[in-house]
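Reader: Could you take me for a close look at the enclosed space in this model and what surrounds it?

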Amino acid sequence: MAANSEVLSNKQVILKNYVEGFPKETDMLVKASSISLKVEEGSNAILVKNLYLSCDPYMRARMSFNQDPDFSSFTPGSPIEGFGVAKVVDSGHPEFKKGDLVWGTTGWEEYSLIKNPQGLFKIHHTDVPLSYYTGILGMPGMTAWAGFYEICAPKKGEYIYVSAASGAVGQLVGQFAKLMGCYVVGSAGSREKVWLIPMQSQLVELLKNKFGFDDAFNYKEENDLDAALKRCFPEGIDIYFEHVGGKMLDAVLLNMRLHGRIAACGMISQYNLSQPEGVHNLMNVVYKRIRMEGFVVFDYFPQYSRFLDAVLPYIREGKVVYVEDVADGLENAPAALVGLFSGRNVGKQLVVRDDIDKNIFMMIIGPCWYDDDLVHKDVMNNVGYSTLNEEQCGAELLKELEFDDPFNYREGHDLDAASRRSVSLYPLKIQGQRKWHLEGRARTCSSGLEEIGLWRQGKRRPSY
């Protein structure tokens with residue numbers, strides 16, 4: 001431990017033992033250790049404060065004993081690891097300095113000492129939400145980009161099928177395909193994944209209305225996957241972006257077109273099985289001249305700058321949207337990770353540390369119309385709460401709360417432009433409530449927005 005350094009408590013998520021079968025929250029333990037806030041003199045290590053932690057299906061393989069060099073096992077009794085966004089607290093490495101924002105592999109803990117930081121990416125573009133570097137601008141985004149563009153080599157007008165289409169990768173593959181002028185169908189596996197659609201009760205509306213898919217289905221409601229695919233693709237499938245494996249892959253092989261391409265980035269249906277399912281229709285790879293290629297996104301990390309050049313404009317121009325499902329605090333991290341394997345999440349699952357609002361303000365602005373009901377919400381800033389009612393929803397009350405840039409959305413403002421005028425705005429789902437996460441100038445206000453809607457706990461789910 002560095003001499004004369006401050007020592008803090010460091011909350012960690014520990015893997016108790018290797019996991020067999022379906023992972024449980026009790027396979028992990030949240031406990032506190034201690035950590036020095038200075039790196040050892042002469043070390044090349046860096047110390048980071050973790051801000052966002054990514055929950056990803058590949059982590060399941062690391063919870064069991066294996067000797068794969070790309071997916072080495074976690075160490076029982078130690079913090080689990082994953083991708084995350086962090087801020088450098090101290091550095092002994094010449095390429096990193098205090099205050100730098102980075103993303104890459106880090107520990108599931110409040111602070112991490114990273115002894116070999118060469119694999120981290122510096123974050124230079126902060127006009128987008130930092131959490132995006134766990135998703136659309138991080139590993140999942142690169143997975144979607146590399147698998148679709150580099151492996152599948154799509155052409156305008158082709159027929160694209162995406163399984164796990166509402167997840168961190170699938171939602172992007174579908175949108176990339178639509179930007180290419182392709183016909184896109186997605187599937188997902190839970191009716192609960194309708195929360196983004198204020199007046200719809202079907203899963204397909206999430207993929208169609210929010211992400212722009214041409215069609216979609218809930219595979220858990222289909223008795224015959226082959227028939228479902230033939231219904232959606234009467235002329236067959238050119239490209240399949242594979243996340244699921246098992247019975248889904250078997251059905252897809254029956255529906256591929258000649259010279260079809262399959263990019264396999266995962267097979268989540270198989271991760272928790274003691275005996276993997278067999279695939280019975282592989283001869284279709286021969287008959288139909290199908291090219292099926294597995295890939296690991298790490299191989300494409302050297303192309304990260306090229307990836308940013310392609311995807312950042314899509315975000316800034318509003319050509320792609322990205323949905324996040326956020327758990328608040330390390331205490332909720334085990335449940336968030338386990339939830340991936342039961343379809344509990346909607347969009348990119350991540351964990352935000354529970355004290356992040358010391359620097360980032362979370363606010364709920366109201367009232368706004370949500371379906372046919374007027375929803376009254378609180379405004380939260382760093383000093384307390386103030387309830388807005390219909391008569392008080394203008395800018396004057398917000399001025400009293402010392403917001404820098406308040407406005408009354410009923411006065412004819414361009415809501416989209418106003419919400420991005422001083423901040424990056426995106427929604428967070430935190431401990432059963434819905435809050436606006438605003439990054440930018442302190443106390444900058446954006447309206448609750450009729451066009452966006454808010455979650456009234458226990459009754460409805462938001463439209464954005």
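This is a predicted model: local features need pLDDT of at least 70, side-chain atom pairs count only at pLDDT 80 or more; totals for chains, interfaces and linings use all residues.

Author: Gladly! On a 1 Å grid over the protein atoms alone, a cavity is a set of points where a 1.4 Å probe fits but cannot get out. By that search, the whole structure holds two cavities of 30 Å³ or more. Residues are numbered from 1 along each chain as its sequence is written, and side-chain values use heavy atoms, without hydrogens or water. The chain has an average pLDDT of 78, with 72% of its residues at 70 or above.

The largest cavity has a volume of about 50 Å³, taken as the space filled by probe spheres set on points joined across faces, edges and corners. Around the largest cavity, with an atom within 4 Å of a point, sit Asn 50, Leu 51, Tyr 52, Leu 53, Glu 109, Glu 110, Leu 330, Val 351, Val 352 and Arg 353. Two elements each give two or more residues to this lining: strand 3 (46–54) and strand 15; strands are DSSP E runs of at least two residues, numbered from the N terminus. Strand 3 contributes the most, with four residues. The lining of the largest cavity divides into six nonpolar residues, one polar and three charged, where Asp, Glu, Lys and Arg are charged, Ala, Val, Leu, Ile, Met, Phe, Trp, Tyr, Cys and Pro nonpolar, and the others polar.

Strand 14 itself (residues 324–328) is largely enclosed by the rest of the structure, because five of its five residues are buried, that is, under 20% relative accessible area with a 1.4 Å probe and protein chains only. In a regular strand, side chains alternate between the two faces of the sheet. Here both faces of strand 14 are covered: one side carries buried Glu 324, Val 326 and Asp 328, while Asp 325 and Ala 327 are buried on the other.

Definitions and conventions. pLDDT is the predictor's confidence in each residue, from 0 to 100. Buried means under 20% relative accessible area, exposed over 50%, partly exposed in between (1.4 Å probe, protein chains only). On a 1 Å grid over the protein atoms alone, a cavity is a set of points where a 1.4 Å probe fits but cannot get out, and a pocket is an open set with protein on both sides within 12 Å along at least five of seven lines; lining residues have an atom within 4 Å of a point.
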